[in-house]
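Thanks for coming, everyone. I have one structure to walk you through today. Please bring it up on your screens.

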Amino acid sequence: MTEPEMPDEILGLRRSIDNIDAALVHLLAERFKMTRRVGELKAVGGLPPADPTRDQEQIARLTSIATDAGLDPAFAEAFRAFVVAEVIRHHELIAAEFAASGRQGELPPLDTFA
Ligand SMILES: C=C(O[C@@H]1C=C(C(=O)O)C=C[C@H]1O)C(=O)O
């Protein structure tokens, strides 16, 4: 049995979906560059990787933005938590590398835009 033909509208929608997926990957790559630098600055300053106060501010802000945008706020929070968990993992690695390097108090070179 042959499958029904894919409607042109679905093919057009998929082109936009692919563009959006590409934009999301680019945005995440830029975000991780920024959070990596935050992780370096925290390691130098002796600050912990996680910041629960900042988390609460972000959750409140994103819940409001998601609701206004018609996106399920529970999904927005799950996505934020997924991304931040990876950020914290990076920060822990950066802190461990910094502690092992013996460069206490020195700021690593800025490579945010590398
Ligand atoms: C990037 C930071 O570190 C962690 C990661 C966050 C994030 O990815 O947005 C927010 C708070 C922290 O738990 C930060 O403190 O700004």
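Start at Gly46. This glycine comes after helix H1, and its phi is positive, near 70°. Before going on, please note that this is a predicted model.

Now step back to the whole chain. How many helices and strands are there in the protein? There are 3 helices and 0 strands. Along the sequence, the pattern reads α-α-α.

Next, overall dimensions. Along the principal axes, the C-alpha atoms fill a box of roughly 65 × 30 × 25 Å. The protein has a radius of gyration of 20 Å, whereas a compact globule of 114 residues would be near 13 Å. Burial is the next item. Of the 114 residues, 4% count as buried. And contacts: take those between residues at least 6 apart in sequence, and 65% of them join residues at least 24 apart.

There is also a record to mention. An unreviewed UniProt entry annotates residues 4-95 as "domain: Chorismate mutase". Over residues 4-95, the chain is 86% helix and 0% strand.

H1 covers residues 8-45. H1 has 38 residues, and from first C-alpha to last it reaches 55 Å. That is close to the 56 Å expected at 1.5 Å a residue. Is H1 largely in the open or largely buried? It lies largely in the open, because the number buried is 3 out of 38 residues. Which residues of H1 are buried? They are Gly39, Glu40 and Ala43. These buried residues pack against H3. An α-helix has 3.6 residues a turn, so residues three or four places apart point the same way.

Stay in H1 for one more residue, Lys42. Lys42 lies in this helix. Lys42 has 19 other C-beta atoms within 10 Å, so it is partly exposed; the cut-off for buried is 20 or more. Leaving aside residues up to four places away in sequence, Lys42 touches Leu47, Pro49 and His91. Lys42 and Ile94 are 52 residues apart along the chain, yet their C-alpha atoms are separated by 9.2 Å.

On to H2. This helix runs over residues 52-69. Its 18 residues should span 26 Å at 1.5 Å a residue. The end C-alpha atoms of H2 are 25 Å apart, which agrees. Why does H2 count as lying largely in the open? Because the number of buried residues in H2 is 0, out of 18. Ile65 is one of the residues in H2. Ile65 has 12 C-beta neighbours inside 10 Å, so it counts as exposed; 12 or fewer is the cut-off. Just after H2 comes Gly70, with a positive phi of about 80°.

Then H3, residues 73-101. H3 has 29 residues, which should span 42 Å at 1.5 Å a residue. Its end C-alpha atoms are 41 Å apart, which agrees. Ala96 has its place in H3. With 11 C-beta neighbours inside 10 Å, Ala96 counts as exposed. To Val44, 52 residues apart along the chain, the C-alpha separation is 11 Å. To Ile65, 31 residues apart in sequence, it is 35 Å, C-alpha to C-alpha. Just after H3, Gly102 takes a positive phi of about 70°.

Last topic: the ligand. Which residues surround the ligand? They are Thr35, Val38, Ala50, Asp51, Arg54, Asp55, Gln58, Val84 and Val87. H1, H2 and H3 are the elements that give two or more residues to this shell. Which element gives the largest share? H2 does, with 3 residues. What is the make-up of the shell by class? The shell has 4 nonpolar, 2 polar and 3 charged residues.

To recap: the protein has 3 helices and 0 strands. The buried residues of H1 pack against H3.

How values were computed. Residues are numbered from 1 along each chain as its sequence is written. This is a predicted model: local features need pLDDT of at least 70, side-chain atom pairs count only at pLDDT 80 or more; totals for chains, interfaces and linings use all residues. UniProt positions are given in the numbering used here, feature names are shortened, and annotations may be inferred rather than shown by experiment. Helices (H or I, at least four residues) and strands (E, at least two) are DSSP runs, numbered from the N terminus. A residue is near a molecule or strand if its C-beta atom, placed from the backbone, lies within 6 Å of it. Ala, Val, Leu, Ile, Met, Phe, Trp, Tyr, Cys and Pro count as nonpolar, Asp, Glu, Lys and Arg as charged, and the others, Gly among them, as polar. The radius of gyration is taken over C-alpha atoms; the globule rule is 2.2 Å times the number of residues to the power 0.38. Two residues are in contact if their C-beta atoms, placed from the backbone, lie within 7 Å. The expected span of a helix is 1.5 Å times one less than its number of residues.
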